[in-house]
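Keep the viewer open as you read.

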Amino acid sequence: MDILRTIVEPSLESALTDIGVKGDFWKKVLDVSREKNQGDLSLPCFAFAKQLGRNPVDIATDLAASVSGEFDVSATGGYLNFKARSNWLAKNVMEIETSPGNRNVLIEHTSANPNGPFHVGRARNAILGDTLVRLNRLFGNDVRAEYYVDDMGKQVGVLAWALQNLSKKEVDEILDDEDSINPKWSGKKDHETVRWYQAAQNLRSKDGAEEIEKDIGKLVHASEHGDDSVLAQFEDAYKPVLDGMLETLSRLGIEFDTFTKESKFVVDGSVSSLMERLESLEIHGVADNGAHYLDLGQRGLKGKTDFFYRRGDGSSLYATRDIAYHMWKWTQCDDLVNILGEDHKLQAKQVGMTLIELGEKVPDVMFYAFIKLPEGKMSTRKGNVVFMDDLLEEAKAHAAAVVKELRSDLSDDEINIISEAVGVSAVRFNIVKVSPDKGFTFRWEDALSFEGESAPFVMYSHTRACSIARKVGRDSQPTTQGDVVPAMHELLRSMASYPDKLHTAVSENKPHIFALYMLELATAYNSFYRDCHVIVNGEVDEFNYAVSEKARELLRKGMEGVGIIPLESM
RNA sequence: GGACACGUGGCCCAGCUGGAUAAGGCGGUGGCCUCCUAAGCCACAGAUCGCGGGUUCGAAUCCUGCCGUGUCCGCCA
């Protein structure tokens with residue numbers, strides 16, 4: 001409703017000045033009305049009461065008499081309410097354009113260790129991150145989606161060691177087929193190769209694993225010192241796995257612009273020069289064995305205050321490389337956003353504080369809580385997981401069953417396309433619609449729900465609009481005058497808040513705000529569809545058609561923004 | 001033990017930079033397809049906003065204590 005605000009504020013400002021209100025704090029108080037039937041924007045006058053020594057009800061009444069413009073004003077119980085006039089609203093809604101953002105944004109998300117297939121928990125990162133990328137693009141920002149590849153350190157080391165030392169037969173024996181792979185995914189490298197990783201982890205947890213531990217330690221050590229041949233061996237190990245993982249993401253509509261390897265910052269020397277710089281900081285300290293740390297307690301960090309960035313043997317730690325990585329990232333964008341699990345909160349805090357210490361900026365971080373299963377925490381090792389590949393298959397199959405029942409007229413090809421789109425969209429939407437800081441429990445019935453607050457609900461409204469356009473068979477006329485019934489006004493009002501919601505979602509890194517808005521928009525369209533027919537007795541109502549077409553455009557763009565596939569028929 | 005989150009109808013969830021009668025969905029009950037796709041629409045029932053204090057004209061929202069859940073507290077990544 002910022003479009004209404006632009007015409008309300010000037011008039012309101014002079015009226016407030018006249019009665020003696022100082023400052024412009026009221027601009028923050030002027031907000032979208034909660035009581036929709038009272039108005040579109042409301043100004044609670046309680047805050048002025050004290051300053052002016054007057055009754056808020058009287059203040060509102062007086063203001064109502066002195067404010068005027070192309071909107072309706074009323075006063076009730078200390079609130080001054082502004083309501084947009086329907087035809088004014090229609091005219092302005094028709095002119096809504098996606099905001100011209102001009103920021104250069106780098107969003108790092110997913111960055112999962114390339115050692116096994118995505119499960120729903122790990123995928124929350126990718127889905128949230130990609131949605132943020134899409135929303136920024138929709139907003140007009142120049143966005144780069146980046147995957148930071150963990151190509152060194154223990155996890156990849158274990159994988160590389162296993163691939164080098166274990167045969168398929170040995171792996172099968174070690175795992176005893178307790179969690180054999182779904183035949184459907186045999187040949188998909190993330191599912192195949194994770195068995196080597198699991199087998200190695202299994203061996204490591206047993207007695208007599210000292211030799212193995214030593215071997216892996218050597219590899220890890222070499223990688224952390226930038227040993228070319230070991231890094232190449234690591235890459236050979238993880239690359240096929242990563243490709244398998246990216247295949248899954250691609251099915252979800254998630255792609256990356258750039259991949260940056262962690263080893264880059266060791267190899268190019270930026271990590272060692274960073275460590276030299278850290279050494280000169282006043283909060284720097286050295287432990288007995290020669291390890292280096294920063295005492296972040298001196299800067300207000302609570303809890304554990306020593307932040308180690310360099311081992312006794314002189315090698316760097318993950319966090320150290322992360323700092324070097326951030327300094328590099330800052331050289332190529334205006335805004336930096338990271339998507340991280342809540343388990344990284346302390347680490348991110350330490351990295352952020354160190355960046356400040358170095359005179360750098362701190363990135364925005366969107367933390368998300370973990371997805372649990374009804375049986376408890378998701379764990380690949382305990383077999384308590386839902387793989388994204390399986391979820392997508394299940395969602396598609398479920399969608400196909402629904403489509404077949406509803407649309408007997410469609411061919412198998414058409415059903416296939418629709419059910420894939422519905423399945424993928426539903427899975428994504430089920431995750432983006434909830435606030436990231438809410439720990440949520442994955443339930444099949446929610447993920448596979450195609451009614452109510454779901455992607456298919458939004459998709460369905462869009463196909464209705466498409467169906468109308470198909471029937472009319474031509475573009476709409478730029479008509480902004482016509483009969484405005486309540487359902488029409490409601491839709492116009494909903495459309496009017498499209499720019500506000502997009503702006504909020506992007507600037508606050510809260511994709512769920514826009515996802516929930518899409519539900520609101522679709523709901524408003526459904527009521528409009530019921531009450532405002534475009535085609536009546538073969539005649540086209542130009543005004544209704546113009547509004548329907550604008551709604552269709554906003555639905556389509558918005559759906560792309562939240563990762564819902566805008567089908568024209570379903 | 002310490003740090004950081006979260007706790008809203010039977011279930012899920014929005015609102016949390018303080019403002020009107022706490023917004024939706026699922027499930028429940030009852031209606032709507034001679035009318036642009038019923039994956040839809042309409043109505044009804046259902047809420048001590050975890051518990052106790054405090055600040056305020058006003059608290060789901062801010063502060064504080066407690067309870068419950070989650071995460072972290074490695075010279076791992």
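Start at Leu159, which counts as buried because 25 other C-beta atoms lie within 10 Å, and the cut-off for that label is 20 or more. Bear in mind as you look around that this is a predicted model. Leu159 sits in helix H7. Which residues is Leu159 in contact with, once its neighbours within four places in sequence are left aside? They are Asn115, Trp196, Tyr197, Ala237 and Tyr238.

Now widen the view to the helix itself. H7 runs over residues 154-165, twelve residues in all. From first C-alpha to last it reaches 16 Å, close to the 16 Å expected at 1.5 Å a residue. What covers them?

Chain A has 23 helices and 16 strands. Its C-alpha atoms fill a box of roughly 85 × 65 × 40 Å along the principal axes. Of the 570 residues, 40% are buried. If you look at contacts between residues at least 6 apart in sequence, 76% of them join residues at least 24 apart.

Next stop, helix H13, residues 270-279. Here Val271, Leu274 and Leu278 are buried. Looking down the axis of H13, you'd see these buried residues fall within an arc of 60°, so they line one face of the helix. Turn to the face pointing away from that buried side and you'll find the exposed residues Ser273 and Glu276. The buried residues of H13 have both helices and strands to pack against: helix H12 (264-267) and helix H14 (318-329), plus strands E8 (284-286), E9 (292-295) and E10 (306-310).

Take H16 (residues 388-406) and H17 (residues 412-432), whose axes come within 8 Å and cross at roughly 130°. That angle makes H16 oblique to H17, and the crossing is right-handed. On the H16 side the contact is made by Leu391, Leu392, Ala395, Lys396, Ala399, Ala400, Val403 and Lys404. H17 answers with Ile415, Ile418, Ser419, Glu420, Val422, Gly423, Val424, Ala426 and Val427.

One partner is H19 (residues 455-472): the axes of H19 and H23 come within 9 Å and cross at roughly 135°. This makes H19 oblique to H23, and H19 passes H23 in a left-handed crossing. In that pairing, Val458, Ser461, His462, Ala465, Cys466, Ile468, Ala469 and Val472 of H19 meet Tyr545, Ser548, Glu549, Ala551, Arg552, Leu555, Arg556 and Met559 of H23.

H22 (residues 511-531) also packs with H23, at an angle of about 150° and with the axes 10 Å apart. H22 and H23 are therefore roughly antiparallel to each other, since angles over 145 degrees count that way. Their crossing is left-handed. Pro511, Phe514, Ala515, Met518, Leu521, Ala522 and Tyr525 of H22 meet Ala551, Leu554, Leu555, Gly558, Met559, Gly561 and Val562 of H23. Check Ala551, Leu555 and Met559 against both pairings: they meet H19, and they meet H22 as well.

Finish with two asparagines in loops. Asn509 lies between helix H21 (498-507) and H22, and its phi is near 55°, a positive value in a residue other than glycine. Asn537 is in the loop between strand E15 (535-536) and strand E16 (539-540), and it too has a positive phi, about 50°, without being a glycine. Which of the pair is buried and which is exposed? Asn509 is buried, because it has 20 other C-beta atoms within 10 Å. Asn537 counts as exposed, because it has 5 C-beta neighbours inside 10 Å.

Note on methods
Residues are numbered from 1 along each chain as its sequence is written. Chains are lettered from A and ligands numbered from 1 in the order in which they are written. This is a predicted model: local features need pLDDT of at least 70, side-chain atom pairs count only at pLDDT 80 or more; totals for chains, interfaces and linings use all residues. A residue is buried if 20 or more other C-beta atoms lie within 10 Å of its own, exposed if 12 or fewer, and partly exposed in between; C-beta atoms are placed from the backbone. Helices (H or I, at least four residues) and strands (E, at least two) are DSSP runs, numbered from the N terminus. The arc is that of the directions from the helix axis to the C-beta atoms. Two residues are in contact if their C-beta atoms, placed from the backbone, lie within 7 Å. The expected span of a helix is 1.5 Å times one less than its number of residues. Axes are lines fitted to C-alpha atoms, for helices over the stretch in contact, and angles run from 0 to 180 degrees between N-to-C directions. Angles under 35 degrees count as roughly parallel, over 145 as roughly antiparallel, 65 to 115 as roughly perpendicular and the rest as oblique. A crossing is left-handed if the near helix is turned anticlockwise from the far one by less than a right angle, and right-handed if clockwise.
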